[in-house]
Amino acid sequence: MRVIPIASGKGGVGKSLLAANLSIALAQAGKRVVLADLDLGASNLHLILGFQSARHGIGTWLSGAKVAFEDIIYPTEYPNLRFIPGDAEIPGLANITLRQKNQLSRRLLAIEDADYLVLDLGAGTGTNILYFFLLSGHGIVVTAPTLTATLNAYLFLKNAVFRLMWDSFKPKSRARAILDGLRKEGASLQRAYVPEILGRVAEADPDSRAAFDARIARFAPRLVMNMVEDPKDADKAQKIRRSCREYLGLDIEHLGVMYRDDLQDVALGSRIPIIRYKPNSVLSQAVYRIADKLVSTEDGDDGALDTEFVDDSYDAAGTEAETDFEFKMAYVEELLDSGSLSQGDLIETIRMQQFELSRYRKENQFLKQKLARALAQGYKV
């Protein structure tokens with residue numbers, strides 16, 4: 001069974017949208033899929049999936065109720081797809097203990113008759129989120145072209161790498177002492193390059209360095225750029241990749257781009273996944289492409305990917321962005337010609353997009369100024 005955790009450094013970038021629709025696409029491809037809502041404390045994946053509220057979910061099971069784990073794995077209306085809901089209404093679910101995390105992860109990984117286990121995680125870099133994201137070396141990080149989203153995607157991966165280091169270094173080891181020292185100083189940890197830290201660890205504690213190298217070799221996260229408006233937005237993924245390579249010593253594959261689509265709001269309001277509501281839409285086709293890539297790489301999913309393969313993934317994403325943009329523009333022209341979309345509707349849409357762009361520019365300018373001040377003081381993100 002392949003485990004696919006889906007996370008994001010920032011909320012509102014379409015993480016749950018991808019989790020629900022990707023699971024359906026994989027199920028339609030004949031794969032047996034289990035989708036679990038692990039956005040503990042804020043679970044609402046059932047709304048996107050169009051699944052009626054279940055009587056029991058993960059929260060009920062974790063709370064000690066006499067409910068078998070198998071009883072919270074529900075069939076759905078989609079062949080080959082089963083669903084494990086969360087329980088956002090149960091207080092304290094967002095802060096489960098290590099024992100509960102271990103208990104839950106063991107039961108998830110022991111699920112039978114499944115080819116894929118898709119985990120919809122919460123946004124941010126909380127301990128629970130990193131724990132479940134690192135259950136697999138091939139998790140997906142969803143981001144958007146805005147500065148805040150791309151920065152948070154990088155910071156999420158940075159936290160994941162440091163979590164791997166911490167877990168690889170035994171307590172009271174020299175390597176753990178190096179990390180402890182950096183954590184106590186705070187600013188030193190913020191400025192430190194992972195390759196520099198690992199160089200120090202290699203000199204002081206070769207065994208710990210070897211343990212980390214063995215774990216990081218199996219860590220090959222993937223990136224999805226959502227809410228794309230223009231083909232140039234796809235280039236933002238390269239910035240994340242460069243930061244990860246320079247500061248973390250980590251390379252990431254690009255799984256593809258997903259254009260912003262107003263039909264998604266309509267689909268969500270109707271509680272119908274976009275992949276069913278409008279399977280031929282640009283957004284749905286992007287999800288199908290991502291599913292195809294996952295299926296086509298099943299045999300080579302054991303470790304880190306070579307640089308040439310990763311390079312090709314970014315080239316392909318750029319091509320997909322260009323192709324999808326042309327298709328999207330052709331669709332708008334078709335709506336105008338048919339009368340389904342009036343010029344007034346188009347003008348109003350453009351005005352709203354211009355308003356959003358203006359807001360993003362102001363936000364980006366503020367963050368750039370803040371980043372410039374931080375760099376002037378000798379800090380690195």
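The model is predicted. Strand S2 spans residues 33-38 and is mostly covered. Helix H1 (residues 15-28) and helix H14 (residues 282-296) have axes that come within 9 Å.

**Burial of strand S2**

- In S2, 6 of 6 residues are buried, where buried means under 20% relative accessible area.
- In a regular strand, side chains alternate between the two faces of the sheet.
- One side of S2 carries Val-33, Leu-35 and Asp-37, and the other carries Val-34, Ala-36 and Leu-38.
- Both of these faces are covered, and the residues on each side are all buried.

**Partners of strand S2**

- Strand S4 (residues 81-84) runs parallel to S2, and 4 bridges join the two.

**Helices H1 and H14**

- The axes of H1 and H14 cross at roughly 60°, and the crossing is right-handed.
- From H1, the residues in contact are Leu-17, Leu-18, Asn-21, Leu-22, Ala-25, Leu-26 and Gln-28.
- From H14, they are Leu-283, Val-287, Tyr-288, Ile-290, Ala-291, Leu-294 and Val-295.
- Sorted by class, this contact has 12 nonpolar residues, 2 polar residues and no charged ones.

How values were computed
Residues numbered from 1 in each chain as written. Predicted model: local features only at pLDDT ≥ 70, side-chain atom pairs only at ≥ 80, totals over all residues. Heavy atoms only, no water. Buried < 20%, exposed > 50% of the residue type's maximum accessible area, 1.4 Å probe, protein only. Pairing = 2+ DSSP bridges. Axes fitted to C-alpha atoms, helices over the stretch in contact; angles between N-to-C directions. Left-handed = near helix turned anticlockwise from the far one by under 90°. Contact = heavy atoms within 4.5 Å. Nonpolar A, V, L, I, M, F, W, Y, C, P; charged D, E, K, R; others polar.
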